[in-house]
Amino acid sequence: MSGSAAARAPNRLRINPRTLAAAAAHIGRVPSGVILFVVVLVLFSAAVPEFLSARNVTNILLATSPLAILALGMALVMLTNGIDLSVGACISFISVLTAAVLGPGHPIWLSILAAILASALVGALNGMIVALMGIPAFIVTLGTMGIATGLALIIGNGQTLYWEKNWFNGVALSYLLGVPLAFWIVLVLFAAVLWIVHQSVFGRHIYGIGCNEEALRLCGVRIARTKIAVYALNGGFVGIASLLITSRIASGNPNIGVGWEFEAVAAAAIGGVTFMGGRGHPAFAMISAVTITMLLNGLGLLGINTSIQYVSVGAVLIVGMSLNILLERMTLLK
Amino acid sequence: MQNIRKNYGHVEALKGVDLALHEGEILGLVGDNAAGKSTLIKILSGAVSPTSGSIRLAGQKVEINNPADARRHRIETVYQQFALVDNLTIYCNVFLGRMATRRLLGLIPLLDKDRMQRDTRDVLRRMDIRFDSVKRVVSDLSGGQRQAVAIARAISFNPRILVLDEPTSGLAVKEVHKIEDIVLNFKNKGIAVILISHRLESIFKTADRIVVLRAGGKVLDERKDQITFQGVVEKMFGLESESGGLLNKIAGERP
């Protein structure tokens, strides 16, 4: 090697720290939900041969639909610096309510309407107390959780309710163009949420409330109305998710909603929606919902029992949140 | 504003303050902490209701019970801390509370981003402020740029009275000068400005008249050329009661 070539060689290996910091900052903008999605997908694809089979992918889409819907609603609520812990209890309540309406032979459309309206009403009630009374959402929705749990037990007298089989039983298991109907519903709701977030005044106010509520108030934005609308919308989404679950189990079960609020909050948080509000995107919450479902599905295929599956979701929540903090620090490197 | 009083329980925040403001005038409102400046401008901007007193605009008595009432009367306020939403873009902040929409196929309402961006650029151009893009998120801006956006929003409402609460607080010297130039520019546009600032240099550079509040009462209301920097400080802290003014004494004792 000539002397001049030897002198140039170390330069070729040198990495500009600014370039490295810029790259880190760029990676830091990706929510942990996307990284975990890729990691879980790659790991289970390698570990379980049938994980990416058409049949299993369809199963994942079917299983993820209620959680994806809940994650979309929860993300909107969390963007306003709120939370809804009554989601699981409301699923139970709406499940029993739907069965109670279908049982005596009332029209199916009436039961669907009653389910969505009742759930939206519970959401609106949460929003009203949070916005007008100024009580923290955590406390309010904890109270509503108790009320909805009680109502689910009262309506069904603590029993699982059934109805005479009709087309509603098949909704959750129907397919359109090879894709579960339930997932088509998710896509329609996702499109609606995208419109809210990117194209509506309502969406801008949701982000604004989470960041600087007082600034919006001083600009004449009706904060209470916006918050009530967000909680009511989330309630409506909970109603739709509950209908899908109820259709799938073909009964009204007063305990079917247990634990859903945890998974919904986990999906939104892993997706990068902060508990402080104003930051994150519902799309990533939805991707995280799919990640959680893939994790449960993959562990199931590996023969790992249900208890360990719950542990894994908790662990993913902690890893996802830690990763989000790390990624946020990386964005500051630029 | 006539005989404005405001009590918070037993505490008298304002003790019957009169404040007049003329078209195209820049009024410097100064005072120590708890002098009543913020309470007075909050009453004018509808954020706080007075215990008693009245407000007249062009001779007509007006009721200002909330920020919307103030905006209807073309009174805009730029608050020190609550001005902007950090996670929104410049143009969304300028249009906060009145975002423009259009309808897709006559049905679906969509944000009219093009119009808001165009109008924001227009307002900024009129204020002689340049940004590389109005689509930048406010959290990425410097303190001076943020303040300029907050003022641009107020200006976009075409106000006749503009209240600026500590607009230069925490800014670098260069940015302070820029904000002062913006404020001076309003004079030519016929906008009356109430400028609240702890930075007396800014007040003396921009204001036509200076009002000093102390302990909820008005203790000075003079044209700038009728009062000295030292005189204002004495009024602010009650040092004028000493014969000849304490500051004068101190100045006189200096070797």
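Helices (H or I, at least four residues) and strands (E, at least two) are DSSP runs numbered from the N terminus, and two strands pair if DSSP finds at least two bridges between them. Residues are numbered from 1 along each chain as its sequence is written, while chains are lettered from A and ligands numbered from 1 in the order in which they are written. Since this is a predicted model, local features need pLDDT of at least 70 and side-chain atom pairs count only at pLDDT 80 or more, whereas totals for chains, interfaces and linings use all residues.

**Strand pairing in chain B**

- Strand S1 (residues 2–8) and strand S4 (residues 52–57) of chain B run antiparallel and are joined by two bridges.
- These two strands belong to an open sheet of four strands in chain B, whose order is S2-S1-S4-S5 and whose pairing is antiparallel.
- Strand S2 (11–17) and strand S5 (60–62) of chain B each have a single partner strand and stand at the edges, so one side of each is left without a neighbour in the sheet.
- On average, neighbouring strands of this sheet are turned by 35 degrees against each other, direction ignored (the axes being lines fitted to C-alpha atoms).
- Strand S7 (residues 101–104) of chain B pairs with S8(B) in the antiparallel sense over four bridges, and within this pairing Arg102(B) stands opposite Leu110(B) in S8(B).
- S7(B) and S8(B) form a hairpin with three residues between them, and Leu105(B) in the turn has a positive phi of about 55 degrees.
- Strand S11 (residues 209–214) and strand S12 (residues 217–223) of chain B are antiparallel and joined by six bridges, with Glu222(B) in S12(B) as the bridge partner of Ile210(B).
- S11(B) and S12(B) likewise form a hairpin, here with two residues between them, and Ala215(B) in the turn has a positive phi of about 50 degrees.

**Make-up of the two chains**

- Chain B has nine helices and 12 strands, whereas chain A has 14 helices and two strands.
- The radius of gyration of chain B (taken over C-alpha atoms) is 20 Å, close to the 18 Å that the globule rule (2.2 Å times the number of residues to the power 0.38) gives for 255 residues, so chain B is as compact as a globular protein of that length.
- Taken along the principal axes, the C-alpha atoms of chain B fill a box of roughly 75 × 45 × 30 Å, and those of chain A fill a box of roughly 95 × 55 × 35 Å.
- A residue is buried if 20 or more other C-beta atoms, placed from the backbone, lie within 10 Å of its own, exposed if 12 or fewer do, and partly exposed in between; buried residues make up 42% of the 255 in chain B and 49% of the 334 in chain A.
- Two residues are in contact if their C-beta atoms, placed from the backbone, lie within 7 Å; among contacts between residues at least 6 apart in sequence, 63% in chain B join residues at least 24 apart, and in chain A the corresponding share is 82%.

**Where the chains meet**

- Contacts link 20 residues of chain B with 17 residues of chain A.
- On the side of chain B that touches chain A, the elements giving two or more residues are helix H2 (67–72) and strand S8 (108–111) of chain B.
- Val85(B) lies in the loop between strand S6 (75–78) and helix H3 (90–94) of chain B, and it is buried because 28 other C-beta atoms lie within 10 Å.
- Leaving aside neighbours within four places in sequence, the contacts of Val85(B) include Gly208(A), Cys211(A), Asn212(A), Ala215(A) and Leu216(A), as well as Asn93(B), Leu96(B) and Val138(B).

- Not counting residues up to four places away in sequence, Leu195(B) touches several residues, among them Ile26(B), Leu29(B), Leu164(B), Val183(B) and Ile203(B).

**A partly exposed helix position in chain A**

- Ala124(A) is found in helix H6 (residues 108–133) of chain A and counts as partly exposed because it has 19 C-beta neighbours inside 10 Å.
- Beyond residues up to four places away in sequence, Ala124(A) touches Ile228(A), Tyr231(A), Ala232(A) and Gly235(A).
- Ala124(A) and Gly236(A) are 112 residues apart in sequence, and their C-alpha atoms are 9.5 Å apart in space.

Terms used: Axes fitted to C-alpha atoms, helices over the stretch in contact; angles between N-to-C directions.
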